[in-house]
Amino acid sequence: MKVLKIIILIMLLVLVGIQFIPTTRNQSDIVPPTDLMEIYSVPEKVEVIFKTSCYDCHSNNTAYPWYNKIQPASWMMQGHIKEGKAELNFSEFGSYSERKKKSKFKSILSQVKDGEMPLASYTWIHRDAKLSENEQKDIEDWINKMLEDLK
């Protein structure tokens, strides 16, 4: 029983201690000229969908929830954001080559059609980010138009 109390005390001290380890925040007050919304005419409903369902992980500006201040949740979010931005960053979309833009549009189209994006782990907490069939169709229609224009 005494060993269990010591283990619980140590775990509690570690949990409290890690709260003081900071993480990097992915926030910017500036919308760069390379942002997808700045370089393309994005229909308002698609813009809202992207900002609600995609921009937290795939842009330079994340809207952080309250639990981001609690470790290890903050580390996990930081990792997801880093991975998401490495794969696709809407804030830097205009700096991509034409070939890369086409590739990213095709990837978005494929992942939205297959229900792979947004991630289930994200929509589980952010219910408003889950895409309806109509929202999927809106994204698909716009991206197909963009792919036609980029040919």
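Reader: How many aromatic pairs does the count come to?

Author: The model is predicted, so that local features need pLDDT of at least 70 and side-chain atom pairs count only at pLDDT 80 or more, while totals for chains, interfaces and linings use all residues. Residues are numbered from 1 along each chain as its sequence is written, and side-chain values use heavy atoms, with hydrogens and water left out. Rings of Phe, Tyr and Trp (its six-membered ring) pair if their centres lie within 6.5 Å; planes under 30 degrees apart are stacked, over 60 edge-to-face, and the rest tilted. By this rule, the number of aromatic pairs is nine.

Reader: Is the pair of Tyr-55 and Phe-90 stacked or edge-to-face?

Author: A pair of aromatic rings is described by the distance of the centres and the angle of the planes. For Tyr-55 and Phe-90 the centres are 5.2 Å apart and the planes stand at 5 degrees, so the pair is stacked.

Reader: How many residues apart are Tyr-55 and Phe-90, and which loops hold them?

Author: Helices (H or I, at least four residues) and strands (E, at least two) are DSSP runs, numbered from the N terminus. Tyr-55 is in the loop between helix H3 (44-53) and helix H4 (73-87), and Phe-90 is in the loop between H4 and helix H5 (98-113). The pair thus links distant parts of the chain, and the separation is 35 residues.

Reader: Are Tyr-55 and Phe-90 buried or exposed?

Author: Buried means under 20% relative accessible area, exposed over 50%, and partly exposed in between (1.4 Å probe, protein chains only). Ring pairs link Tyr-55 and Phe-90 into a cluster with Tyr-40, Phe-50, Phe-93, Tyr-96, Phe-105 and Trp-142. By the accessibility criterion, both Tyr-55 and Phe-90 are buried.

Reader: Which residue lies over the face of Tyr-96?

Author: A charge sits over a ring if NZ of Lys or CZ of Arg is within 6 Å of the ring centre and within 35 degrees of the ring normal. At 4.4 Å from the ring centre of Tyr-96, the residue over its face is Lys-100.

Reader: Which residue does Lys-104 meet in a salt bridge?

Author: A salt bridge is a side-chain nitrogen of Lys or Arg within 4 Å of a carboxyl oxygen of Asp or Glu, and a search of the whole structure finds six. One of them has an N to O distance of 3.4 Å and joins Lys-104 to Glu-87. Lys-104 lies in helix H5 and Glu-87 in helix H4, so the pair ties together parts 17 residues apart in sequence.

Reader: In which helix do Glu-98 and Lys-101 lie?

Author: The side chains of Glu-98 and Lys-101 meet in a salt bridge at 3.2 Å, N to O. Glu-98 is partly exposed at 43% relative accessibility, whereas Lys-101 is buried at 8%. The two residues are three apart, about one turn of the helix, and both lie in helix H5.

Reader: What is the radius of gyration of the protein chain?

Author: The protein chain has seven helices and zero strands. The radius of gyration is taken over C-alpha atoms, and the globule rule is 2.2 Å times the number of residues to the power 0.38. For 151 residues this rule gives 15 Å, and the chain is well over that value, so it is more spread out than a compact globule, with a radius of gyration of 19 Å.
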